[in-house]
Every structure is written in structure tokens, then in C-alpha cells.
Amino acid sequence: MRAYLLILCLISLVFADTQWNPKTAALSYSSILRNHDKPNHAEAHKKIYDGISLAYVTPWNNRGYDVVKEFKGKFDYVSPVWYYIQRRSPSQFDFDGEHDVDVSWIKEVKDGVTNKGKIVPRFQLRGWTGDDLRMFVESNDEFKILAQKVNEQVLKYGFDGVVIECGHPAYFQRFLTELADKLHRDGRELIVVLPAIMNEKHRNYMGPDLFDALANYIDYFSLMSYDYSSHDPNGGPSAPIEWIMDNVEYLTNDKNRHKLLIGLNLYAMSYLETRSPEPLVMKTIIEKLQQSQDAVDELTLDGPKDQSLVWESESLEAWFMDIDEDGIKQGKVWVPNLRSIRNRIRLAEDYKVGGIALWEVGQGLDYFYDLL
């Protein structure tokens, strides 16, 4: 199965790159610089990807608020990252972020005709200590109280459901069951963020049996299948294709795979041994590519000379070396691009998972959304 899927990916690359196409080329600097802000406006609201698409939107990259309107119809679910839940004391929870809720924006994003643009805000547990977790798990009341408070926000603003990020869902099964029951009574949905399996230790927190049990009441799982190399000072690809396959095959089976949304990063990662890994929005990448291309053009006597991202065939990702105007290396930068995104969408289709989750659309490039 795996060898077959990899062969399909490679074949699709060969045929896709036989002629230039703004949807399929995109490794050359000139192609990226020329086309990144020129999506297909004629089909900006037409969805071509058959699977579910979940778009995360964050207040700190507010371009995303406009993206989900400009490409309305491309996204089945929109998850604004608004809420943070803190446990202040036994049975006492503070909800931060309600001030970010924008009712008028919600009305612009939702499409009542196609039922796309469902608003499912993310609620993230933040600042919980080990004692907080232990007391929450042991309590027979706290999970009910928290589920009720989350549902109150849903009812207050008419959300279509929620995304819950709680670390490892294994510790929160009673809470998630209670919340799912409340949401499903009103025809709303529950999506749970799922950390990707990075090593053997992670298998202790999430395995196929638990995934199957959770899938009985969770509508979708948003898999964080990115940041693979973020803990390595030497860096590397953000989401190696075979690592994504490992997660899909380990966690799911043919009967529950439709509940999984494969996470796609729309941001770049820069690595330099002398500093911590640095995430970069694609707007910054465009500036860096333009600076590099301008420098090469100035030094080339026989006319402009194009540069390209370096394609890594094992991970099916691309990178470039970031060098400033003084010739000092600023990092090796791994970059999402049309080619890498297309491969992961193809993977989602071939594995017949539920769809994809985009983190996050405020960081990406406009022509990425032509692929959806």
C-alpha cells in the first residue's frame, strides 16, 4: 500500500511538471514571486478538493480573516483561535478570548446555501499543571462543569461546534464524551486536536484502539502532522511524507479513517545552529526570495538567472539557504509550496481520510488555495 502510494505521488509529479502551470510548478523563485498573489479568482469560491477542509485562523495573523472570505466556499470548517481555558481552582475555569469573537465576521464567512464555512472556534487548555490535570481527571464533577461552560459559549454565539485542544485526549475522555453529547443534541460537531506520533513514547498516549473508541463520539480529529523537525537544532522537513503515512496507518483503520484530518503547515521553518528554530510566515519568505533574486540579477552579466527551491525527494519538501545582503547565512529554510501541498492532498485522497486541516491560512500564500 505504502509503496503504491509513493509511486503515485512521484508519477503525479512527473506529469504535473512537464509544462508550466501556476497550480503545479512553483519551485522557481520567479514563478513563486510572479504568481503567489494571483490565485484563480474565477474559481475562488469553487471547491475542487472532495475531502473536508478545515481552516484555522489566528488573531496574530489576521490576514486569515480575509482569506476565508475571499475564498469562501473552499473551506468546510473555519476555526478561529479564540479561546483559552485556565483552571483557577477546583471546579473554577476562566475562559480568555471571548473578546475576540466577531459576530459580523461570522455572518460573512458562513454560507447558508452550501453549508460551508461552519464556525468551530478552537478552545485550548492553557497553563494547566500536573496537579490541575490529576484533580480534573479524578473529579466526578469538573468535566461536566467544563463541558457546560464550553457549550454555553456555543449557544451564546451560535457556533456550529468546537475544536478542542487538550494535549493527549486519553486524559479527557469523560469531558470529551460529555461535551460531544451536549453538542450532538443540537446538531453541532466536535473536532479534537490530535498530537502526531513522533516516537515510541507517544504510542503510550494514543494508539489505534483508543482512536477507534474516541471515534465513536468525536466527529473529526485534527492531526498535527507538522513540526517534525522543530526539536532538532539542525532542522529538517516539517512533515516528511512517510511520517504522515506512519501516523495514518498506525492510528486509523478502513472503518474510522474518514474521521482523520491531515494537518498541513502553511508556514516555513528556519533553522540555524546558533539559535532556536524560527517559524516564518510566507509573506516573509516572499521578501527573502525577492531579495535573493535581485542580488543574483545584479551580479549576472548575461541577464537574469532564475533560482529554485531545492526539492528533497525523500520527504517531498523543499528548502533554500537564507543568506543576507552581507553574505551571512541566516538559516536553512524549509518552505511549503504548491508541489509539497499537492502531494499531501493527494495522500489524503489516496488514503481516503476525512480531509485536511490547514494551520493556518493567515500564514500562507493566496495561490495555495487554488488546490482546494
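## Close-up views of the predicted model

View 1. Just after H7, Gly187 adopts a positive phi of about 75°. The helix itself, covering residues 173–185, has 13 residues and reaches 18 Å from its first C-alpha to its last, which is close to the 18 Å expected at 1.5 Å a residue. Phe175, Leu176, Leu179, Ala180, Lys182 and Leu183 are the buried residues in H7. Seen down the axis of H7, the buried residues fall within an arc of 165°, and therefore they line one face of the helix. These buried residues pack against helix H5 (130–138) and helix H6 (142–157), and also against strand E6 (161–165) and strand E7 (189–195).

**View 2. Strand E9 and the strands with which E9 pairs.** In strand E9 (residues 260–265), 6 of the 6 residues are buried, so the strand is largely enclosed by the rest of the structure. Leu260, Ile262 and Leu264 point one way from E9, whereas Leu261, Gly263 and Asn265 point the other way, and all are buried. Strand E8 (residues 220–224) pairs with E9 in the parallel sense over 3 bridges, and Ser222 stands opposite Leu261 in E9. Between E8 and E9 the chain crosses through helix H9 (residues 241–251), in a β-α-β crossover that is right-handed. Strand E15 (residues 355–359) also pairs with E9 in the parallel sense, over 5 bridges, and within E15 the bridge partner of Leu264 is Leu358.

**View 3. The largest nonpolar core and the surroundings of Val361.** The largest nonpolar core holds 98 residues, of which Phe75, Phe175, Leu190 and Val361 touch the most other members. Leaving aside its neighbours within four places in sequence, Val361 is in contact with Ala55, Tyr56, Val57, Gly64, Val67, Val68, Phe75, Leu266 and Tyr369. Apart from this core lies another, of 20 residues, including Tyr77, Met269, Ala357 and Trp359.

**View 4. Asn115 and Leu316, two loop residues with positive phi.** Asn115, although it is not a glycine, has a positive phi of about 65°, and it is found in the loop between helix H4 (103–109) and strand E4 (118–119). With a relative accessibility of 48%, Asn115 counts as partly exposed. Leu316, also a residue other than glycine, has a positive phi near 60°, and it lies in the loop between strand E12 (310–312) and strand E13 (317–323). The relative accessible area of Leu316 is 2%, and Leu316 is therefore buried.

Note on methods: Residues are numbered from 1 along each chain as its sequence is written. This is a predicted model: local features need pLDDT of at least 70, side-chain atom pairs count only at pLDDT 80 or more; totals for chains, interfaces and linings use all residues. Side-chain values use heavy atoms; hydrogens and water are left out. A nonpolar core is a set of buried Ala, Val, Leu, Ile, Met, Phe, Trp, Tyr and Cys residues joined through side-chain atoms within 4.5 Å. Buried means under 20% relative accessible area, exposed over 50%, partly exposed in between (1.4 Å probe, protein chains only). Contact means heavy atoms within 4.5 Å. Helices (H or I, at least four residues) and strands (E, at least two) are DSSP runs, numbered from the N terminus. Two strands pair if DSSP finds at least two bridges between them. A crossover is right-handed if, with the strands pointing away from the viewer, the path from the first strand over the helix to the second runs clockwise. The expected span of a helix is 1.5 Å times one less than its number of residues. The arc is that of the directions from the helix axis to the C-beta atoms.
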